[in-house]
Amino acid sequence: MPDSNDDLLSQLSAQAAPSDQQSNDDLLAMLNAEPDPDPLADVEYTGDLAEDSRRELNAVQQGFRDRAKREAERFRLATDSEYWVAVCFKSREDKEKFLRNAGLLAIGDKYMDGYAVARVLGVEMDDE
């Protein structure tokens, strides 16, 4: 019998490639995310096999439709490329001087969590 965490671990492994820019907070949120709701949780059973089967089928179909909507939104967010910004300098030394003077070098020297940068720079962001 497979471990119940196998699916979650495979999803996280697929997303945790070395070039991945997810923060530890993002990964922790994924680990603590609520599972998809049980589509049969709200089915009211009547005791009539045909009626109860119809209600279950309707609930499962609705569950698939709801999941498809969530997956479409997840896909949109995952493939949106307009969530980053680049800053360019004449030399590596200038870049490192900027990062050091701005107090950002501890966050990284190339790819940084934008929310961490905002905190260091004192820029208010909406809590996600």
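Asp38 is situated in the loop that joins helix 2 (24-31) to helix 3; helices here are DSSP runs of H or I with at least four residues, strands are E runs of at least two, and both are numbered from the N terminus. The model is predicted, so that local features need pLDDT of at least 70 and side-chain atom pairs count only at pLDDT 80 or more, while totals for chains, interfaces and linings use all residues. Residues are numbered from 1 along each chain as its sequence is written, and side-chain values use heavy atoms, with hydrogens and water left out.

A polar atom of the Asp38 side chain lies 2.9 Å from the backbone nitrogen of Leu40. Such a polar contact is a pair of N or O atoms within 3.5 Å; within protein, one must be able to donate a hydrogen and the other to accept it, and residues adjacent in sequence count only if both atoms are side-chain atoms. Between Asp38 and Val60, which are 22 residues apart along the chain, the C-alpha separation is 8.8 Å.

## Overall architecture

The protein contains 5 helices and 0 strands, and its elements follow the order α-α-α-α-α from the N terminus. Of its 128 residues, 9% count as buried. Buried denotes under 20% relative accessible area, exposed over 50%, and partly exposed the range in between (1.4 Å probe, protein chains only).

## Helix 3

Helix 3 comprises 31 residues, 49-79, and its first and last C-alpha atoms are 44 Å apart, close to the 45 Å expected at 1.5 Å a residue. The expected span is 1.5 Å times one less than the number of residues in the helix. At the start of helix 3, a side-chain oxygen of Asp48 comes within 3.1 Å of the backbone nitrogen of Ala50.

## Salt bridges

The structure has 7 salt bridges, each defined as a side-chain nitrogen of Lys or Arg within 4 Å of a carboxyl oxygen of Asp or Glu. In general, side chains of opposite charge can pair when their charged atoms come close. One of these bridges joins Glu51 and Arg54, with an N to O distance of 2.5 Å. Both residues belong to helix 3 and are 3 residues apart, about one turn of the helix. Glu51 is partly exposed at 23% relative accessibility, and Arg54 is partly exposed at 43%.

Another bridge links Glu71 to Arg74 at 2.7 Å, N to O. Glu71 and Arg74 likewise lie in helix 3, 3 residues apart, or about one turn; their relative accessible areas are 29% for Glu71 and 41% for Arg74. Glu73 and Arg76 also form a salt bridge, the closest N and O atoms being 2.7 Å apart. Because Glu73 and Arg76 are 3 residues apart in helix 3, about one helical turn separates them. Glu73 is partly exposed at 38% relative accessible area, as is Arg76 at 44%. A network of salt bridges connects Asp36, Arg67, Arg70, Glu71 and Arg74.

## Aromatic pairing

Rings of Phe, Tyr and Trp (its six-membered ring) pair if their centres lie within 6.5 Å; planes under 30 degrees apart count as stacked, over 60 as edge-to-face and the rest as tilted. The count by this rule is 1 aromatic pair. Phe89 and Phe98 form a tilted aromatic pair, with 5.1 Å from centre to centre and 35° between the planes. Phe89 has a relative accessible area of 32% and is partly exposed; Phe98 is also partly exposed, at 37%.

Asp113 caps the N-terminal end of helix 5, one of its side-chain oxygens lying 2.8 Å from the backbone nitrogen of Tyr115. In helix 5 (residues 114-121), the buried residues are Ala116, Val117 and Ala118. Gly122, with a positive phi near 75°, follows the helix.

Tyr115 lies in helix 5 and is partly exposed, with a relative accessible area of 42%. Together with Val120, Leu121, Val123 and Met125, Tyr115 makes a nonpolar surface patch of about 460 Å². Patches are made of residues with over 30% relative accessible area and no salt bridge: like charges are joined within 9 Å, and nonpolar side chains (Val, Leu, Ile, Met, Phe, Trp, Tyr) within 5 Å. Accessible areas come from the Shrake-Rupley method with a 1.4 Å probe, and for residues only the protein chains shown count as cover.
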